[in-house]
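Open the model in your viewer and keep the selection tool ready. We will go stop by stop.

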Amino acid sequence: EVPPALARVVSRCLEKAPQERFQSITDVAFCLEEASRQSDSFPASMPAQSRPSNRGRFAWMLMAVAALVAIFFILYLQRAPSDTAVMRFIIPPPENVAFVRIEVPVISPDGRRLAFVATDSAGKTMLWIRALDSIAAQPLPATEGARHPFWSPDSRHIGFFANKKLRRIDVTSGAAQVICDAEASGTGTWNSEDVIVFAPGWTKPLHRVSAGGGVPAPVTSIDESRQEASHRWPHFLPDGRHFLYKVMSHQHENEAVNIGSLDGQESRRLLTDSSAAIYAPPGYLMFVREGALMAQAFDASKMQLTGEPFSVIETIASPGQGQGMFSVSETGVLAYRSGGAQLNIEFAWLDRTGKRVGGFGPPDHYFNASLSLDEKSIAFQRTNPRSGSDDIWILDITHGASSRITFGPESDAVPVWSPDSSRIVFASRRGDQRDLSQIQLRKGEEFELLLKTDADKFPEDWSRDGRFISYRTRRTRDESGDWDLWILSLSDRKPFLYLQTQYNERSSKFSPDGKWIAYASDESGRYEVYVRPFPSGAGKWKVSTAGGSQPGWRPDGKELFYLSEDWKLMSVELSGASALAPGVPRPLFNVPRTSLPNYFDHSYFVSAYGKRFLIGVPVDDSRQYPINVVVNWMEGLKR
């Protein structure tokens, strides 16, 4: 019984396409008024019973008023998404806290809270939570050492990795729980049925486990015929049964984003030449390609991409390992990092009081740096932002110029100088694992394979007499073992085991006379510095007293340095010949914090006379690389 004129007004209000609807409530009111006039203009010749009575006209007016109110709300609800402005703002780290640059900021599914990993002034790394409607962030207790957080679908819990465990925490109550054993080798994803898919180790396939705890079971398989190295960064699709994941391979052309399933029966390639991907409602896949954040239309029901990818953010951080530094909520909130995944530093000479006495070289991402003994050059590792592979570069200290010495799609990392500064040994991936290789600089940068075994190997030091190289490796390829110390004898190219325990040993350094090796071990529950005889390894002396890593020798062997947990350069006097007698550690000065755990990279180098130290000094702190937040990111695509 709705009059045709009113029906036309209502129909236009309900048009699917925004441009076909009324553009303002004033337009609606005008059309309703015109429709009312038309109803009053019945021909005089109409039969009396066909003319609208006063009662009918009143009912019609009531209907029009009700329609007007309803249409107002219809217009409001339908127009709200189109009229909502895109909002952009940044979130700096809390006071005296630094973001961990290789960690992705993760927005909750409801778009209300942001979780991130940060390190405080005491060197403690924890999870932090920042509500978007708040100006303050809060640390979550019981999350020390947290890595790679991910949210539950109801935005009430966070999964994360810490101390070789997959854990969860209730963000409201703070109640924490261990789910299962796992390395921090890639984030997890959590579906509405309380199933978590995660990577339990760097060289393992993805596994599933109940969010309440249990025994993990594999849901993907490593394809050795394609030289796949690992599966990482899973992300559930809307059906909660299928998930995206990144395939890492020793051959770059075999790296891809695949779709897998919880029953382990499905796996098919979806994307190539991109970072890991995530699904963003209402129907996009988002990923990083050539340094830009991209989006592409995706039919989740058919699990098919449509159309062409387009740029959302022109420049976004990419720390390698197939990772993208972004996350997106189900409500259209995007969080990302740009430019801060790798720390920009410059080298400076500091004396024993920490006073700067010289500097050189342009600011750059000097990762895993190594100083030549003649103090003329620095070798370092640099990541190619396009391919994600690593190469070895050399910085000439005298001229301040850098040159690349390894090329190709292979990954070359962790350079160590020979004592005569003529060669560099490094971890080279030109097969199924990282092997020890060397570049002979005085022979036209000639490449040579030194040692090939079934497990990854990383060089740590080269003895002063040139006879031995110390390196760390795991006892198994599947990473079930901890780091052990081995020695490569260059006289016969044969390796021998130096130290193997149920704990991690790393950062080995030969004493100048070659009779001792200093190293860091976590046998006490945290890393401490120890010294053992070489080559026997029998007996040990603990040097640090309250945590320590990165040992370094004074050239005469009478003093040992190390980095404390709170980033102080410590000094320990040594005496004794057949048995060491370490003195009491004393602090020299604070080493500039890099926001990475201090046992990952060597942060200082001792000069030839032990009177000054080469330090990598950040040229900017993490406040110059804040977290970027975009609310209603999809609306920006329409303008």
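Which side chain meets that of aspartate 435 in a salt bridge? Select lysine 457: the N to O distance is 2.8 Å. A salt bridge here is a side-chain nitrogen of Lys or Arg within 4 Å of a carboxyl oxygen of Asp or Glu. Aspartate 435 sits in strand E34 (residues 434-440) and lysine 457 in strand E36, 22 residues apart. Strands (E, at least two residues) are DSSP runs, numbered from the N terminus. Aspartate 435 is buried at 4% relative accessibility, and lysine 457 is buried at 1%. Buried means under 20% relative accessible area, exposed over 50%, partly exposed in between (1.4 Å probe, protein chains only).

A note on the source: this is a predicted model, where local features need pLDDT of at least 70, side-chain atom pairs count only at pLDDT 80 or more, and totals for chains, interfaces and linings use all residues. Residues are numbered from 1 along each chain as its sequence is written, and side-chain values use heavy atoms, without hydrogens and water.

Next, select arginine 429 and aspartate 456. They form a salt bridge, with the closest N and O atoms 3.5 Å apart. Arginine 429 lies in strand E33 (residues 423-429), and aspartate 456 in the loop between strand E35 (446-451) and strand E36 (457-462). Aspartate 456 is partly exposed, at 21%.

Move to leucine 371, in strand E28 (residues 367-371). Leucine 371 is buried, at 11% relative accessibility. Its contacts (heavy atoms within 4.5 Å) include Trp349, Trp417 and Leu614. The C-alpha atoms of leucine 371 and leucine 614 are 8.5 Å apart.

Last, select Arg352, Arg554, Asp556 and Glu559: a network of salt bridges links them.

Note on methods:
Helices (H or I, at least four residues) and strands (E, at least two) are DSSP runs, numbered from the N terminus. Lists of a residue's contacts leave out its neighbours within four places in sequence.
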